Amino acid sequence: MNERIEKIQRKVKRYLDENRYNHTLGVMYTAGSLAMCHGANIEKAMIGGLLHDCAKCIPGDKKIRICKKNNIPIKEVEMANPGLLHAKLGAYFAETKYHISDTEILDAIRSHTTGQPDMTDIQKIVYIADFIEPNRRPLPNMPVVRKLAFEDLDKCIYRLLEDSLSYLKSRKIPIDPQTEETYNFYKNKMELK
């Protein structure tokens, strides 16, 4: 592993509980593996994976205060569920505390919970790695999704979004409109294939 990643890893460990840190390492290594498989930049994928949850362990009310203080927009769904703010707050911390200036990495961190239409490969990889890393509690279709991740990023994203929306709707959990926009984008893309 390179020195830059090791330095970030030591720093991020101080801000995460043990379970979150283990998940983070799983996402980092899974993102690196997916990047190798799909010909994407391995270092960018690993840094995105390493920092994707860097703001996760901050209490919800503090997430809101930090966002307001730093003019980070808060959507209605995020006010109702401040846990969702960890993605955009994570991108902010990646830039300000970890000195990441690469927009592709920052965008991957920012979009790792909702996705976004027409994601870059790095964004797709971090999004997928967050779901399929080995420490993750298995989802209903985990074997299928893990196989898809190494075959076709777009099909995998579509499947993950479809499953996520189904789960959120069945539990009556508020859905970020961007998740639905992302799903519709990849659904249309699958229909054109």
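How many aromatic pairs does the structure hold? It holds four, where rings of Phe, Tyr and Trp (its six-membered ring) pair if their centres lie within 6.5 Å.

1. Basis. This is a predicted model, in which local features need pLDDT of at least 70 and side-chain atom pairs count only at pLDDT 80 or more, while totals for chains, interfaces and linings use all residues. Residues are numbered from 1 along each chain as its sequence is written, and side-chain values use heavy atoms, with hydrogens and water left out.

2. One of the four aromatic pairs is formed by Y127 and F131, with 5.3 Å centre to centre and 45° between the planes. This pair is tilted; planes under 30 degrees apart count as stacked, over 60 as edge-to-face and the rest as tilted. Both residues lie in helix α8 (residues 121–132), four residues apart, about one turn of the helix. Helices (H or I, at least four residues) are DSSP runs, numbered from the N terminus. Y127 and F131 are both buried (under 20% relative accessible area; exposed is over 50%, partly exposed in between; 1.4 Å probe, protein chains only).

3. Pair F185 and Y186. The ring centres of F185 and Y186 are 4.9 Å apart and the planes stand at 75°, so this pair is edge-to-face. F185 is partly exposed because its relative accessible area is 27%, whereas Y186, at 0%, counts as buried.

4. Lysines over rings. The charged end of K11 sits over the ring of Y98, 5.0 Å from its centre. K97 lies over the face of F93, at 5.0 Å from the ring centre. The criterion is NZ of Lys or CZ of Arg within 6 Å of the ring centre and within 35 degrees of the ring normal.

5. K124. This lysine is found in helix α8 and counts as buried, because its relative accessibility is 7%. Its side chain and that of D154 are joined by a polar contact of 2.7 Å (a pair of N or O atoms within 3.5 Å; within protein, one must be able to donate a hydrogen and the other to accept it, and residues adjacent in sequence count only if both atoms are side-chain atoms). Leaving aside neighbours within four places in sequence, K124 is in contact (heavy atoms within 4.5 Å) with residues including D154, Y186 and K189.

Key: Helices (H or I, at least four residues) and strands (E, at least two) are DSSP runs, numbered from the N terminus.
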